[in-house]
Amino acid sequence: MPQKSALKQFQKLFKTKRKKRPAHKVGLPPAALVFTGDQKQEQVFINLITYDEAEIQEERIELRALQKHLDLQKKVIWIDVVGLHDITLLEELGKLFGIHKLTLEDILSVEQRPKMEVFDEYIFATIKMIQCNSPESPIMEEQVSFLMEKNILITFQEKEGDVFQFVRDRLLDPKRAIRQRGTDYLLYALLDAVIDNYFTVMEHIGERIENLEQQAMLEPGNETLNALYLQRKEMMDLRRSVYPLREVIGSFDKYAEHKISPEVRPFIRDLYENTIQVIETMEVFRDMSSGVLDLYMNSLSNRMNNVMKVLTIISTIFIPLSFVAGVYGMNFEYMPELTMRYGYFYVLGAMGVAIVGMLGFFRWKKWI
Amino acid sequence: MPQKSALKQFQKLFKTKRKKRPAHKVGLPPAALVFTGDQKQEQVFINLITYDEAEIQEERIELRALQKHLDLQKKVIWIDVVGLHDITLLEELGKLFGIHKLTLEDILSVEQRPKMEVFDEYIFATIKMIQCNSPESPIMEEQVSFLMEKNILITFQEKEGDVFQFVRDRLLDPKRAIRQRGTDYLLYALLDAVIDNYFTVMEHIGERIENLEQQAMLEPGNETLNALYLQRKEMMDLRRSVYPLREVIGSFDKYAEHKISPEVRPFIRDLYENTIQVIETMEVFRDMSSGVLDLYMNSLSNRMNNVMKVLTIISTIFIPLSFVAGVYGMNFEYMPELTMRYGYFYVLGAMGVAIVGMLGFFRWKKWI
Amino acid sequence: MPQKSALKQFQKLFKTKRKKRPAHKVGLPPAALVFTGDQKQEQVFINLITYDEAEIQEERIELRALQKHLDLQKKVIWIDVVGLHDITLLEELGKLFGIHKLTLEDILSVEQRPKMEVFDEYIFATIKMIQCNSPESPIMEEQVSFLMEKNILITFQEKEGDVFQFVRDRLLDPKRAIRQRGTDYLLYALLDAVIDNYFTVMEHIGERIENLEQQAMLEPGNETLNALYLQRKEMMDLRRSVYPLREVIGSFDKYAEHKISPEVRPFIRDLYENTIQVIETMEVFRDMSSGVLDLYMNSLSNRMNNVMKVLTIISTIFIPLSFVAGVYGMNFEYMPELTMRYGYFYVLGAMGVAIVGMLGFFRWKKWI
Amino acid sequence: MPQKSALKQFQKLFKTKRKKRPAHKVGLPPAALVFTGDQKQEQVFINLITYDEAEIQEERIELRALQKHLDLQKKVIWIDVVGLHDITLLEELGKLFGIHKLTLEDILSVEQRPKMEVFDEYIFATIKMIQCNSPESPIMEEQVSFLMEKNILITFQEKEGDVFQFVRDRLLDPKRAIRQRGTDYLLYALLDAVIDNYFTVMEHIGERIENLEQQAMLEPGNETLNALYLQRKEMMDLRRSVYPLREVIGSFDKYAEHKISPEVRPFIRDLYENTIQVIETMEVFRDMSSGVLDLYMNSLSNRMNNVMKVLTIISTIFIPLSFVAGVYGMNFEYMPELTMRYGYFYVLGAMGVAIVGMLGFFRWKKWI
Amino acid sequence: MPQKSALKQFQKLFKTKRKKRPAHKVGLPPAALVFTGDQKQEQVFINLITYDEAEIQEERIELRALQKHLDLQKKVIWIDVVGLHDITLLEELGKLFGIHKLTLEDILSVEQRPKMEVFDEYIFATIKMIQCNSPESPIMEEQVSFLMEKNILITFQEKEGDVFQFVRDRLLDPKRAIRQRGTDYLLYALLDAVIDNYFTVMEHIGERIENLEQQAMLEPGNETLNALYLQRKEMMDLRRSVYPLREVIGSFDKYAEHKISPEVRPFIRDLYENTIQVIETMEVFRDMSSGVLDLYMNSLSNRMNNVMKVLTIISTIFIPLSFVAGVYGMNFEYMPELTMRYGYFYVLGAMGVAIVGMLGFFRWKKWI
């Protein structure tokens with residue numbers, strides 16, 4: 001059956017995602033630096049992009065080579081750290097830019113709740129980047145952290161491959177607004193790229209729910225419920241990534257006044273509204289999936305009803321007739337009907353009339 | 001069956017509305033100007049109305065002809081832009097009036113959450129205009145945006161045909177209060193026209209729910225539930241247009257003090273209360289439709305109960321009697337009753353008594 | 001059946017009330033004066049009561065005769081306008097006392113959400129007066145508006161007959177505190193009279209729910225559910241009158257400091273607490289009626305259970321016995337039992353033993 | 001059956017409590033003094049306790065004799081008024097201590113929502129004292145009011161017998177802290193005694209719910225649901241006494257700064273936390289009882305399932321066999337099996353095999 | 001059956017935990033010192049750890065020997081009191097450090113709701129330490145109180161064995177940051193150790209719920225529901241320990257500014273976020289367990305459906321056939337079919353065709 005395999009597939013997707021969760025470092029000193037995720041690539045490297053209005057430079061370097069490539073005179077410096085498992089390198093980076101130990105810890109613990117913090121020297125935010133290529137494929141979650149210090153923006157990702165390609169492409173075009181503006185606008189553009197992907201994922205989820213809805217209406221089965229259950233569980237997990245976003249983006253407006261230039265602030269507010277829209281969509285999905293549950297439950301009991309009706313119709317017609325046949329099967333010596341010439345045919349006729357009458361009754365009751 | 005077609009019709013309505021949703025521009029630069037809706041008419045044009053207490057002028061011009069028709073000396077200038085798909089024209093308009101790029105983007109993305117923003121030069125609001133001609137017809141949603149800059153009010157609609165006709169009619173009458181007052185009062189009058197239509201739609205929805213209610217009580221079927229489900233889904237969608245209204249209208253009172261004259265402010269407050277009334281009505285509808293679900297579920301299990309009762313009555317009467325007939329159909333050699341003269345009639349009589357007794361029992365149990 | 005008629009009666013009550021709702025004036029200029037209710041009496045008249053500590057005067061005059069009867073020197077002037085359909089007269093009244101057009105509109109639209117507003121010259125409040133003479137009779141809703149301007153209190157009712165009689169009686173007694181105090185105390189006394197009636201209505205609703213509860217426990221039927229549904233719908237409607245009261249009464253304390261004398265303010269606070277008590281009672285009723293729904297659902301499935309048990313008992317006893325009888329009804333030539341002398345009686349005896357055994361089994365299972 | 005009587009008992013308890021509710025004084029002047037409860041004892045009397053560190057005096061006097069026994073020089077004076085039905089006496093008391101009419105009204109209306117008010121001369125609080133001697137006995141509610149004016153504390157109870165005995169005992173011991181402290185500490189000690197009793201009642205309710213839980217798991221019946229329903233109803237009532245407590249006790253900390261000495265304030269805060277704990281316990285009970293409902297519902301449908309299984313097993317075994325017997329009971333002239341020597345035994349054997357096979361099938365299906 | 005024993009085990013675990021609850025000291029003077037828990041070890045002793053950057057001393061002494069071992073010159077003094085039942089010793093300790101009587105009472109009453117209080121001399125917090133060694137083992141709860149006064153930190157535990165071992169180990173290492181910092185950092189490290197254990201417990205609960213989920217999908221039985229119910233009850237209890245944590249940790253940031261050094265405050269904020277994460281996880285678990293309930297309910301009704309289908313299939317096939325056999329078993333004298341040469345075989349053939357037809361019908365209906 002296709003549903004069964006759909007369920008399997010679903011569960012598989014789900015498992016993959018789930019595995020990430022248990023990792024938590026109990027019994028270690030607080031603020032000890034441990035990478036809580038799975039290593040997803042061999043080497044930690046850096047995408048270093050420095051640009052101003054006039055020129056742009058993009059290099060792929062190793063983390064340890066950063067210092068000598070760094071030219072702080074440039075207007076905007078974007079250090080994109082890809083890979084988190086090499087802790088000593090990250091510690092060096094931390095020392096280089098004066099990053100608080102707790103911030104480093106937040107960057108490394110990929111189960112971190114999305115949050116935003118303002119320090120004296122920098123602002124720091126960590127959120128989830130979710131991706132989902134098609135309604136059938138799993139939702140991939142990856143943690144991205146942003147650290148903005150003066151004209152430097154450092155981003156931290158778990159592995160290669162991200163949603164930032166569009167931003168990089170625009171950077172190459174010197175006429176784009178992004179080249180004229182500062183680091184805060186770059187930060188905004190990257191956040192916007194992440195949140196735009198939430199909309200895609202939302203649409204995929206919406207399609208999934210509509211599929212389930214159709215399935216619940218047309219061919220409800222155990223698999224529908226299980227798939228629905230997994231769907232809801234997945235959404236519970238997703239909610240934990242999405243809901244704190246509101247607070248994170250809101251904090252930029254509230255607490256980072258001095259780090260964000262006035263021209264960029266309307267963009268941030270716009271982002272904030274997009275976040276709210278994502279959250280509201282999730283609320284609608286939640287209501288929808290409980291509506292699908294109602295549909296499914298009803299389909300089930302409708303089926304039960306139909307089974308009962310068949311049973312009742314058959315029993316109601318044949319049990320009384322069997323009784324009549326039984327009566328004429330009795331062995332009494334004196335049963336006048338038995339000796340009648342056409343007794344048998346009279347009885348058969350009466351039975352036929354009874355069957356027709358019953359069927360009429362059921363039709364009237366709208367059972368058939 | 002009429003219900004079935006009702007369901008079909010419902011679904012059709014629903015589909016039309018739904019199609020609008022998926023469009024979201026992922027992977028584009030933020031604040032890139034793209035029209036996210038469907039083009040609904042051939043040409044973008046403008047209804048230009050300028051008036052003061054003494055005279056009024058109404059012209060239908062093309063967007064590019066606006067500048068030479070514009071006479072900024074008039075007291076109130078209402079530029080009603082109809083059609084949004086010609087982006088270059090809108091960009092020119094944006095330059096002419098100094099509209100922020102994000103505002104232009106909000107105007108164009110028809111999936112925008114209703115919102116209100118105060119800029120230095122203008123105040124901007126975008127809400128949904130909903131229309132529904134009869135309880136059976138679909139709810140049409142269209143985005144309307146308002147931009148008030150000094151004595152100019154610019155409105156943006158997706159297509160011709162709106163709820164503003166009453167306002168235009170009143171403008172023609174020089175004795176009307178609206179001719180004496182300024183642009184802010186015009187803004188209020190238009191918002192009021194939009195929100196008044198929400199009441200009509202609410203009434204149509206109310207009628208729909210009462211129809212479903214009646215259907216659930218009298219002839220519940222699978223279609224009832226499906227229609228109910230679609231109804232709830234439609235209301236979920238509608239909620240996303242309605243709930244933010246409270247905030248939008250409330251913001252006029254809170255943040256736009258300097259743009260709204262003191263005489264107009266009580267009117268805005270009145271509008272705010274109407275919005276709350278719409279929201280409360282939606283809440284009541286939500287409760288009502290879950291009540292209808294209960295009604296339906298109960299009707300279903302009542303039917304099931306009745307089916308079971310018929311089965312039980314028939315079985316309980318005839319299964320024991322068949323047994324008795326079976327006993328006298330046994331072929332034992334020595335069965336004294338069989339040779340009795342009226343044995344057969346005694347047995348028939350006893351069976352008749354049993355039937356009457358059973359019926360009495362069922363009546364006493366209130367099953368029949 | 002008595003329940004059926006109870007349902008009918010219920011529905012009738014409900015219809016009466018419902019009719020009032022749809023009226024909303026779409027497409028009219030905002031703040032246009034239209035009376036949105038049904039005209040409930042022929043003529044608009046005024047009950048004019050003027051009093052101070054020493055003397056009191058009560059007159060029933062026509063609205064147009066008001067001006068010449070008005071003696072503004074008196075300490076307290078209570079103008080009780082009865083009937084709202086004569087709009088031109090009300091407009092004159094509005095001009096006489098400088099009433100804002102929006103206030104007049106609120107007075108006339110009987111679907112207005114309860115609210116309280118402070119203007120420079122007056123404070124205005126509009127609430128619902130509900131009456132219910134017995135648990136079986138419908139809840140009548142009428143809008144009452146209060147407008148206090150200096151020493152004048154104007155009240156607006158839809159029709160003759162109100163809950164203010166007790167206040168009028170007390171006014172006649174010169175020793176009563178109410179004669180010593182000012183207009184604000186009169187306002188309080190009238191509000192108190194309205195809210196006191198909410199308690200009566202709450203008690204009637206409480207009785208209704210307890211009746212439904214008893215019905216659900218003892219003789220649950222389709223009517224119980226329908227009545228319960230109507231009851232909940234009625235309560236939803238009522239909530240819309242009751243919940244805003246909290247805000248209305250609370251506003252007197254918060255925003256009308258300068259219009260309410262310090263001696264009267266504790267009374268207003270007391271009123272506020274009564275309002276909260278009404279709201280809490282409604283919450284309890286809401287929980288209770290969902291509890292009644294549970295009771296009803298359980299009664300239903302209990303009944304189903306019992307039907308199934310009867311079916312199962314009868315089938316379980318007689319189907320196997322019929323089989324045995326069928327066996328001995330077979331026509332094999334060689335069936336040794338058939339020729340036994342007492343074979344028939346042995347079989348009958350064995351069947352009797354089986355029946356007793358089955359009954360014992362069912363008793364042990366607690367089915368009978 | 002023991003459950004039935006348990007239900008009866010429950011209902012009886014419940015009735016007793018319920019009777020108190022309806023009394024509300026509609027149509028009386030506001031702030032008219034009426035005692036809304038039942039008179040619970042013959043005579044109103046006073047327990048007058050005056051003490052300082054050195055000595056303590058306890059007298060039981062009549063209300064009218066109060067004035068001459070009053071020695072205002074003592075450090076702490078506790079006037080415990082027992083019985084509320086003698087209104088004229090209470091009015092005298094009101095005059096003697098300058099009590100506001102609304103306060104007197106609150107003291108007398110035993111349906112008053114718990115509240116706390118700060119007046120210029122005194123602070124006033126009224127709460128419910130609940131008592132419940134065993135899990136089976138009803139919850140008794142009595143209103144207690146506290147009025148503290150300088151060094152005088154007046155308490156008002158409906159009838160003799162309270163939870164204050166422990167406080168009185170401690171007062172007799174000169175070494176106790178309570179003798180060293182002032183009237184505010186006495187007030188605290190009395191409030192603490194009242195709230196401590198809430199914990200006892202909570203434990204009794206907890207036991208009741210656990211009994212219901214056990215009943216729902218082991219022998220679910222109609223009585224379980226009804227008892228559960230009554231339990232929930234009782235808790236709804238109780239909630240109305242408990243929830244406002246939080247506000248009442250919180251107000252002492254917030255609004256009565258000048259009346260409560262700094263040493264006593266930590267104790268009040270402690271009391272506040274106890275109140276929150278009571279409220280949280282009630283929340284847990286609420287969740288628990290809806291959990292018990294689930295348990296019960298499941299037990300019911302499990303039973304139904306079992307009934308259906310028995311029916312199905314019996315039918316599935318014997319209906320086909322009866323058919324076979326019926327076949328060999330047909331009267332065709334030419335049926336070769338009938339003349340076989342051991343045909344009968346072959347058929348019996350085949351039937352036996354079929355029965356064993358069926359039973360094996362059911363076992364495999366885990367139905368038996 | 002393994003499930004049954006799982007349930008038993010569950011209940012046992014549960015009982016152990018539950019027993020602690022009833023103990024509440026009604027009728028005692030407020031702030032009387034009583035230990036409300038069970039004595040869990042013979043002797044109260046103290047783990048005294050004093051350290052600065054250079055050296056560390058750890059001693060296990062008796063409580064009464066504390067004073068002479070105390071050297072207040074050391075930078076950090078951690079007095080870890082193990083065992084709470086010896087009240088007189090605790091009172092002495094209270095006098096020695098000037099601990100408020102209410103604080104002592106909070107330390108002793110192990111049912112205390114988690115809280116945090118700031119006094120002039122010290123800050124005090126009491127929370128629950130939970131431990132759970134495996135998904136199957138019970139959740140153990142123990143109260144831990146923290147009291148920080150200048151450079152002294154006193155902790156109070158009910159019995160030996162805690163989650164602080166990691167902290168002690170780190171203290172021994174002079175290079176660790178904890179040795180460089182003050183008492184406030186020690187406090188943080190201990191709180192962090194407690195909250196880290198919440199994560200472990202959360203994971204165990206998560207595993208339990210996933211087991212229940214699997215059970216509900218694959219082999220749902222009465223035990224599943226009971227286990228689910230107990231699981232939810234346990235989570236209700238746990239919520240009472242977890243939810244107040246947010247407030248407790250939040251209070252350190254809000255009210256204890258002057259007691260916590262600026263370097264330690266980011267750590268506290270980090271702790272606060274961990275607490276929120278625990279609470280959110282509990283919310284997810286709550287939703288998940290109600291999802292499991294749906295799964296279970298559906299499995300149940302699916303089973304019922306299957307039972308009904310078997311019944312219906314068997315009845316629908318054989319009842320009509322039995323009727324046919326009955327017809328030919330009638331004893332009419334003239335029944336032409338009976339004398340036909342192959343009548344019997346024609347009938348048997350027709351019956352076979354009917355059976356095959358029925359089976360086809362059921363297959364088409366997807367019942368088999």
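Tutor: First, a term: a salt bridge is a side-chain nitrogen of Lys or Arg within 4 Å of a carboxyl oxygen of Asp or Glu. This is a predicted model, where local features need pLDDT of at least 70 and side-chain atom pairs pLDDT 80 or more, while totals for chains, interfaces and linings use all residues. Residues are numbered from 1 along each chain as written, chains are lettered from A in the order written, and side-chain values use heavy atoms, without hydrogens and water.

Student: How many salt bridges are there between chain E and chain A?
Tutor: Seven. In one salt bridge, E:Glu273 pairs with A:Lys115 at 2.7 Å, N to O.

Student: And how many residues of each chain are in contact?
Tutor: Counting heavy atoms within 4.5 Å as contact, 57 residues of chain E touch 60 of chain A.

Student: What area do chain E and chain A bury between them?
Tutor: About 5,400 Å², with 62% of it on carbon and sulfur atoms. Buried area here is the accessible area (1.4 Å probe) lost when two parts are put together, summed over both.

Student: Which residues of chain E lose the most area to chain A?
Tutor: E:Phe323, E:Phe332 and E:Tyr334, together 13% of what that side buries.

Student: Different topic. How is chain A divided into domains?
Tutor: Domain 1 covers 2-298 and domain 2 covers 305-364, with bounds from an automatic or database domain assignment. Their centres, taken over C-alpha atoms, are 73 Å apart.

Student: Why does B:Phe345 count as partly exposed?
Tutor: Because its relative accessibility is 33%; buried means under 20%, exposed over 50%, and partly exposed in between (1.4 Å probe, protein chains only). B:Phe345 lies in helix H10 of chain B, residues 343-364.

Key:
Helices (H or I, at least four residues) and strands (E, at least two) are DSSP runs, numbered from the N terminus.
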